[in-house]
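Q: I have a model open and would like to go through it with you. Could we begin with confidence and then turn to the contact between the chains?

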Amino acid sequence: MDLFDVLSMVFLILGACFALIGGIGVLRLPDFFSRLHGGGITDTLGAGLIMLGLVFQAVKVGLTGEPESSAWLVTAKLLMILFFLFITSPTGCHALARAALSDGVEPLVAEDEGVSRA
Amino acid sequence: MFNVLAITMVAILATMGLALVRASLGPTVFDRILALNMFGTKTVLLISVIGFMTKRPDFLDLALLYALMNFIGIVAVLRFTKYGHFADDQAEEGMV
């Protein structure tokens with residue numbers, strides 16, 4: 001149990017927690033735009049932390065394993081997936097929000113008394 | 001380490017289930033697309049975690065492919081819900 005294992009476990013568990021929280025948010029939040037917020041959490045924070053946890057595992061194998069092992073290639077692939085997810089999922093969320101707005105989905109806003117509209 | 005990966009996998013599967021519930025409930029079509037987007041991202045994570053659990057990191061190639069295809073798919077479905085077809089701009093003007 002060395003440093004990389006501990007870091008990897010912490011990141012994986014945190015990422016799993018954020019993914020679950022975002023999933024519950026997507027299911028339970030009241031209107032579409034707040035659900036988009038829940039989806040954004042799972043897409044960036046959850047995915048990023050889980051991928052970083054896996055990166056720590058691969059780096060550990062790369063540092064301790066035999067020189068011919070493919071651990072550094074695995075690390076590069078993980079970082080590529082992380083990069084693509086970080087570029088594409090906010091873009092997808094943005095496109096989704098714009099499409100919903102231009103299609104006439106009304107955001108749920110609070111009225112002056114602080115009571116939300118039904 | 002295997003246990004932590006298994007816990008992560010169960011959490012990802014639970015999130016995929018929640019996304020499926022939202023996709024089947026979701027009042028507007030955009031809720032369904034959002035759930036689909038989440039499902040695709042979680043597929044990428046699930047493939048990666050299973051690859052590490054079974055000590056076969058070659059699965060990462062599949063995950064990379066899914067990460068790229070998911071984005072294209074979401075944009076294509078959004079475009080389809082807006083315009084009703086997949087044609088490009090000139091074809092649109094011709095059809096309108």
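Q: What is the average pLDDT of chain A?
A: This is a predicted model, and chain A averages a pLDDT of 84, with 90% of the residues scoring at least 70. Within chain A, α1(A) has the highest confidence, at 91, and α3(A) the lowest, at a mean of 87.

Q: And what is the mean for chain B?
A: Chain B has a mean pLDDT of 85, and 89% of its residues reach 70 or more.

Q: Where in chain B is confidence lowest?
A: Helix α4 of chain B, residues 89-95, is lowest at a mean of 57, while α1(B) is highest at 91.

Q: Which ipTM and pTM does the model score?
A: The ipTM is 0.83 and the pTM is 0.84.

Q: On to the contact: how many residues does each chain give?
A: Chain A gives 37 residues and chain B gives 38 residues. On the side of chain A that touches chain B, α1 (3-28), α2 (32-64) and α3 (71-102) each supply at least two residues.

Q: Which residues touch the most other members of the largest nonpolar core?
A: Among its 50 residues, these are Ile50(A), Leu78(A), Ile81(A), Ile12(B), Leu34(B) and Val44(B). The elements giving two or more residues to this core are α1, α2 and α3 of chain A, together with α1 (2-25), α2 (29-53) and α3 (59-83) of chain B.

Q: What is Val44(B) in contact with, leaving aside its neighbours within four places in sequence?
A: In chain A, Val44(B) is in contact with Ile81(A) and Leu85(A); in chain B, with Ala63(B), Tyr66(B) and Ala67(B).

Key. Residues numbered from 1 in each chain as written. Chains lettered and ligands numbered in written order. Predicted model: local features only at pLDDT ≥ 70, side-chain atom pairs only at ≥ 80, totals over all residues. Contact = placed C-beta atoms within 7 Å. Helix = DSSP H or I, 4+ residues; strand = E, 2+ residues; numbered from the N terminus. Core = buried A, V, L, I, M, F, W, Y, C linked by C-beta atoms within 7 Å. Buried ≥ 20, exposed ≤ 12 C-beta atoms within 10 Å, placed from the backbone. pLDDT = per-residue confidence, 0-100.
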